Every structure is written in structure tokens, then in C-alpha cells.
Amino acid sequence: MVHFLHPGLSPRTIVPPDAQKDDLGCGVAQEEASPYSLVNICLNVLVANLEKLCSERSDGTLCLPEHWSFPQELADQFVGVMTWQGKLTDRTASIFRGNQMKLKLVSIQKAKISTAAFIQAFCHHRLIELDATAVHTDLSIPDILHGLCSNSWIQQNLRCLLLDSASIPRNSRLLFFGQLTGLRILSVFSVCFHSEDLANVSQLPRLESLDISNTLVTNISALLTCKDRLRSLTMHYLKCLTMTKPQILAVIRELKCLLHLDISDHRQLKSDLAFHLLQQKDILPNIVSLDISGGSCITDEAVELFIQQRPAMQFVGLLATDAGYSEFFATAQDLRVAGGANMSQISEALSRYRNRSCFMKEALYRLFAETFATQVAMPAILKLVAIGMRNHPLDLPVQFTASACALNLTRQDLARGMPVRLLSEVTCLLFKALKNFPHYQQLQKNCLLSLTNSRILVDVPFDRFDAAKFVMRWLCKHENPKMQTMAVSITSILALQLSPEQTAQLKEELFMAVKELLAIVKQKTTENLDDVTFLFTLKALWNLTDESPAACKHVIENQGLAIFIQVLETFSESTIQSKVLGLLNNIAEVRELSSKLMTEDVVKHVSSLLHSKELEVSYLAAGIIAHLTSDKQPWISHDLQRRALLQDLYTTIQNWPSSSCKMTALVTYRSFKAFFPLLGNVSRPEVQLWALWAMYHVCSKNPSKYCKMLVEEEGLQLLCDIQKHSEADPQAQHIAASLLDDFRMHFMNYRRPPLC
């Protein structure tokens, strides 16, 4: 028994940023709130059951059934889903061998596959795009190039190749891209890519878009080779450049076909390249997109003049600069700005810089300040925060600032305006951050604060077992009273949501939590302080002990009974009495512990509260007496006392209402199994009567839940036995019959009809 509380190219292209940017806005809310597509659901099921559906080759790899065939678009999505879920391995990638699937657009981001598996699975297909961002070091860039170039069709037709953060062996020097003559888009962001490699790449006859950000390039003069075809150049954080500013600008001046240029840099480096670029009048005549975020000495006036001289411009990146704050940027039509001056600029920055931690943390910092007192739900912005967290899991500043922004965006009623799926994603990312940074206190506080939101705690799917472990550990840290209250209140609700098996697995956390909760109860009782922390603590103990023999044992071993007697003697409020009695009920249900309750103090207080005017209090006291007196053996030397208690129990039940009452809205059951030994005790109709009364009322209040429970736990036969038993108490038979009648009204929803 528990206390119930309501509380158009590749996925990432490197052409001008307008093509990169997701159209978020209200579309995010609609997408996140909508059901998953049928294709997505089917692919997820397929990936989850791949081992069952496939046969195994002699080498241990998987093979699809021979008659299976996938359309090209579906096959591409299938690879993507496997990659996203981390299921693309040497064993599983083998299903893409042969011709059952025809792949074109392949993403193997962060996959851990070998060179042999990559070549066998993908290099015979007619690929036009490959995203190998951050693939495991088992598959190096030279091996990828070798595999791709083994297919003459790919050599001529591969258009897009993304190799960001991929590895190059130390003994490898020059990268040979020259055979990929059809390549239009290449990204080698954060790769050991040298000036010699740039010279090789610049000779590709169709190259239009190039990203050499954070590489080892020291000289960009080789770009002059492709000046008549290069339309997009991204060279963010080119820290190894040895050229002078005039030399760099001289090269850029010759790139007259450029539509997009990114020379953004880390703010700390105080690069003034962008400042000098803005002074040039005869440069980049066709530019549409210019990113100079992080540059130093940049002013609104200089940027405005540059844009006015180039009216075709559609985007400018100004984050982490002193520009973007003038009226010009607020009124300019058809101009997007990634900056920090307002929500529009911050949103643009979060979207465009999702893969750059230096700018992501800057944008999140601005977002935190902007949303500190927001009263409008912004699911599109929260989605961008989630993307930042997911893309930079090991960056503490990003994770910490993102957690603070998530709190701002989901506080109180704002969470009700967020799709459940989005809230679930953010909550799971918060817990992932906790695992990556277990000793960072403020991050833990932010996570704890997020769980105080009833919308998240009750409605949103997340790993409640991990959450319970975290909250219980926090509870034992003896933090300030406010944080303690939050931890206790969260524990009281999470305890309801864990299965008995999960509660048993908590072990050390459960022991420490019960001990700490009892200490809080004792302290508050000594101080005669029945505040909100005290009430939440009693709820938490009630819910933690539900169907948890381990928790009940911890209560007994930590002098819990003496503490609760003190509570009953100190406070007379029915809300406190009911919580204590609910917990004692849970202990009474544990056969090996119930005898511990047969003390003079416990029996005295329980038998007294049996006559309470508050029905819930009387009901819970009756439950304890029913469980304690159901077994005659412990009462051998106190038989008269047992008989008196049973008579008192029987008389009390007669005075209860036979139907609707408010009490059942506050008590719920995970299982009826604790009632079954009482139902079978025909020789003790008092005990049997209490169990029947309890079952009848919860079934009448929530028939869809409890009628189903009767079937699943095979309790119908016990009711039938009582109804037919010649020596059963007439009132017990009447309630059993009423229960069966109620069930008959609902049995068509279930597979099995009543047994009698």
C-alpha cells in the first residue's frame, strides 16, 4: 500500500549556413508532440530485433533473410537509425553487404567499425554522400579514402564527404583525395589536415564547399587553385596559420565566387582578421553569408557598412563580438544574425553553432540571462538546448549552462507547454551529464531542481531507477534545508514509480535513505515541527516501504518503531497519523517482520486509532490489526487480547460506509497479493471482512485498474470460494458477490471471464 500524490544534402552540410539551419519555430513543438512516423517505428523495431531476424554467417556476422529487399531511401534511413542508436558494428554492418539494399546517403557518425567491415558493407554501393564524422579510430581517414576509391563509380560520383574529427595514423602523411573527382563538398573539421593536403584537395575539379576548421593548415594559398569554383569556405579557428593578415586577405580577395565565408574564431584568441576584412571595399562581392563570431574590435558601424555595400547578404555571425546591438540588425529584412543581443540572435546562434562548443557555451550563457524570468513556453529553444547537450556531452561549461537554461525554460507551468518527448530527452540528457560529472555540485542541484517539476516527475518518461539512486545519494549529503526538502519530496514520488524489484536493487542507497529519512522524522518530532519537510518525509517512508521487505527491515533496524510511537504521541493531526499507519501497514504485510509490531506501545496506539473519526485513519489501523491477528501462533500467550482486537475490528467495520468514500482517493495498491492470505482465512471473518472491504472500495473507485489486477493475480477464484463457502460470514459473502458483480461489468475488457 502506498500514499498517492498528485503533484536537401547530407544531415549536416557545409554549404552556406542557411542550408544547414533547421527550420525550428513552431515546427519543433508539432514534431515533438506528434507520434513517431510509421517508418521510424518499424525501423526501430527492426533494429531492436535484428539478432532474431537475421541468420549468422560462419564469420559471426549477420545476414538478412534472402528474400528481403529495401528501397534506397529506406535503406539509407536504416543505416542512420542503427548509427544513431549505436548499433552499427562489424557484426551488424554486414547486413549491408550484397545487393539487398542499395545505399546512396550513408551516415556512420561515431560508429565503431573496422576498415574491413566498412569496405565490405558500404564501398560497393553507389554512394553520393558519406558522413563519417567522429568514427572510431579503428577506421582511419586513409582507410576510408582507400575503400571509397576502390569503387570507380564512387570516385566519379561521390559528392559529399564529411570526415570531421576522424583519425589519421601517426605514420600517415599526405591524404590522397585526388581520385574522388566528383567531390563537391568536403569537411575535415578537427582533423590532422596539413597545407600539403589542402594543395591536393584544391585540385579537385568540382570542389565547391570546403571546411578546414581547426586543422593544421599553415598556408591557404593553395585555395587559389580552385578560386573559380569555390563557393563556400569555412576556416573557423585556424590556429596554425603563419600567413600575415594582408597575405590572408589577398587570397580571400581572389575567391570571387565565394557565397559563404566563415573566419570565426575563439574569443580568447582576440583575432582581428575579421576587423581587417570589414575594412576592405573590393572583397567578396557576391558574399551571401559571413561568419565573424569571436572576432575582436568588431563594431556595429563596420558591419553595417559592409552589409550595405553587399545587399545580397542573408546571414552574419556576430556571437562573442561587440556588434549586433544596433537598430540596424533588428530592422534589416531578410538578414539573419547569430549573436547575443536578443532571443532571435541567440536562437540563430544555438542552431548554427550546435557543433562548436566554444560558441555553444557563449550562446547558452546569453540564453540563461534572457530567459531568467520568461513566462512563455519555447519548445524550439529547449530543443536547441538539448541538441547542444547531446553534441557536447563531455564539455562541463556546456552541460552546466545548458542545465540552467533547461530549468529556466521548464520552471513551473512552462513545462506544461512542452511536448513530453522533448522533456524526456532533456531529462535523460541531464542524467547523462550527472554520470559524466558526478562531483560537480551545481550541476547536481540543477538536475534535482528539474525533478521538482510535477509535469516532469509524473508524466515524462525517464530512467526513474537512476533518478532514485541520484536523489537518495543527494538526500544523504546533509545539504541546506531547502535542498533537503526537495530531495525528500522527489523521493516520495519516485518511490511510487519504482517496481518492488527495482527498490530491492537500490541496496546501499535504500539503506542510507531510510536511515536519513528516519533521522529527519526524529529531529522534526523532537522539535515539535510538522512542516512540509516532515510531511514529505513521512510520505517517502510510506512509499519506500511498500512491498519492500528490505526497506521495512531497515526501518525496524534503525529504531523506526520507537520514532513513530514518538510521532503518534506528539502529533494528533489525522494527516500525520495516516502516514505513520500506512507505513506500519507495509511492515505488517511482511510476515517475517509483522511480529516486531506486537509491542505494547504499537498495539495500544493502533487499537486506539481504530476508533478515529477519520475514515482513512480507522481503515489503516484496521489493516494493521487484520494482518497482526490473522496468524494465531504469535498470540498463543495473549489469546484474550487477540480476541478483543478481532471483535473490535469487526464492530468497527460494521460502522464504515458500504460504498463511496473519500479515503480511497488517497490509498492505492500495487498488488492484491498481501490480501490473499487474509481472504483465505475463513475461520477469522473479521480479518477476511477487512480485506474484502478494502478490495471492494478500490475496485469501485478504479475498476479498470483493479479488475484487471484481480484477473492477472488470480484473485477471482478466492472471491468465488468465499461466495460458495458454507461457513463464510454472510457479510463477507455479500461483499465478495458485489466484487464479482462489479467485475462482470468490466470483464469484457479482459481475456478471462469470472470463474463463478
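1. Tyr 36, Ile 41 and Val 45 make up a nonpolar surface patch with about 280 Å² of accessible area together. Such patches take residues with over 30% relative accessible area and no salt bridge, nonpolar side chains (Val, Leu, Ile, Met, Phe, Trp, Tyr) being joined within 5 Å; areas come from the Shrake-Rupley method with a 1.4 Å probe. Ile 41 belongs to helix α3 (residues 38-48), helices being DSSP runs (H or I) of at least four residues and strands (E) of at least two. Ile 41 is partly exposed at 39% relative accessibility (buried means under 20%, exposed over 50%, partly exposed in between).

2. The model is predicted: local features need pLDDT of at least 70, side-chain atom pairs count only at pLDDT 80 or more, and totals for chains, interfaces and linings use all residues. Residues are numbered from 1 along each chain, and side-chain values use heavy atoms, without hydrogens and water.

3. There are 22 aromatic pairs, a pair being rings of Phe, Tyr or Trp (its six-membered ring) with centres within 6.5 Å; planes under 30 degrees apart are stacked, over 60 edge-to-face and the rest tilted. Phe 534 and Phe 571 form a tilted pair, at 5.1 Å centre to centre and 40° between the planes. Phe 534 is in helix α26 (residues 532-544) and Phe 571 in the loop between α28 (560-570) and α29 (574-588), so the pair ties together parts 37 residues apart in sequence. Phe 534 is buried, at 0% relative accessible area, and Phe 571 is buried at 4%.

4. Phe 675 and Trp 690 form a stacked pair, with 5.5 Å between centres and 25° between planes. Phe 675 is buried at 2% relative accessibility, and Trp 690 is buried at 2%. Ring pairs join Phe 675 and Trp 690 into a cluster whose members include Tyr 619, Trp 656 and Tyr 706.

5. Arg 421 lies over the face of Tyr 36, 3.7 Å from the ring centre (the criterion is NZ of Lys or CZ of Arg within 6 Å of the ring centre and within 35 degrees of the ring normal).

6. The whole structure holds 25 salt bridges, each a side-chain nitrogen of Lys or Arg within 4 Å of a carboxyl oxygen of Asp or Glu. Glu 56 and Arg 91 form one of them, at 2.7 Å, N to O. Glu 56 is in strand β2 (residues 55-56) and Arg 91 in helix α6 (residues 90-93), so this bridge ties together parts 35 residues apart in sequence. Glu 56 is exposed at 54%, whereas Arg 91 is partly exposed at 27%.

Notes. Patches are made of residues with over 30% relative accessible area and no salt bridge: like charges are joined within 9 Å, nonpolar side chains (Val, Leu, Ile, Met, Phe, Trp, Tyr) within 5 Å. Buried means under 20% relative accessible area, exposed over 50%, partly exposed in between (1.4 Å probe, protein chains only).
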